[in-house]
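Please view the sequence and the structure first, and then read the points below.

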Amino acid sequence: MRYQVADPKTYSVVAALHNAGLFRRGMTLVGSHAYGVLLNTLGIAAGLYQSFNVDVARGAALGSDAPTPGFAELLAQTGLKVVEVPAFHPGDPFDVI
């Protein structure tokens, strides 16, 4: 059992989001990496997990007076290959596999 550590690619994405001020404006880290932060904050060493995505959420529009690049352009600054996931709209039909 070990503490959770994000890989360099994850750090670069989270750093780009932070440097653009998105967390200060209301964006929240969710999913596996947020879970790892909680474990570390509580001092819990747990089984390792491997996640290749950074999940973020927002409760409302991100407020700002200053313009920021689009999300795709912001992530392109990391130099990583980014694959866009289509937006999920509640009520849209979808297949369950």
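Helices (H or I, at least four residues) and strands (E, at least two) are DSSP runs, numbered from the N terminus. The model is predicted: local features need pLDDT of at least 70, side-chain atom pairs count only at pLDDT 80 or more, and totals for chains, interfaces and linings use all residues. Residues are numbered from 1 along each chain as its sequence is written, and side-chain values use heavy atoms, with hydrogens and water left out.

**Overall fold**
- The protein chain contains three helices and two strands, arranged along the sequence in the pattern α-β-α-β-α.
- Of its 97 residues, 19% count as buried, where buried means under 20% relative accessible area with a 1.4 Å probe, protein chains only.

- T10 has its place in helix 1 (residues 8–19).
- T10 counts as buried because its relative accessibility is 6%.
- Residues up to four places away in sequence aside, T10 touches H33 and V54; contact means heavy atoms within 4.5 Å.
- The largest nonpolar core comprises seven residues: V13, L17, A20, L22, M27, L74 and L75. Helix 1 and helix 3 (71–76) each supply at least two residues of this core.
- A nonpolar core is a set of buried Ala, Val, Leu, Ile, Met, Phe, Trp, Tyr and Cys residues joined through side-chain atoms within 4.5 Å.

**Helix 2**
- The buried residues in helix 2 (residues 32–42) are H33, A34, G36 and L39.
- These buried residues of helix 2 pack against helix 1 and strand 1 (28–30).
- G43 follows helix 2 and has a positive phi, near 75°.

**Pockets**
- On a 1 Å grid over the protein atoms alone, a pocket is an open set of points where a 1.4 Å probe fits, with protein on both sides within 12 Å along at least five of seven lines; lining residues have an atom within 4 Å of a point.
- The largest pocket has a volume of about 1100 Å³, a volume being the space filled by probe spheres set on the grid points, which are joined across faces, edges and corners.
- Of the 26 residues that line the largest pocket, V54, F71, L75, V82 and V83 are the closest to its centre.
- Helix 1, strand 2 (55–57) and helix 3 each supply at least two residues of the lining of the largest pocket, and the largest share, four residues, comes from helix 1.
- The second largest pocket holds about 210 Å³ of space, and helix 2 gives the most to its lining, with four residues.

Technical notes:
Buried < 20%, exposed > 50% of the residue type's maximum accessible area, 1.4 Å probe, protein only.
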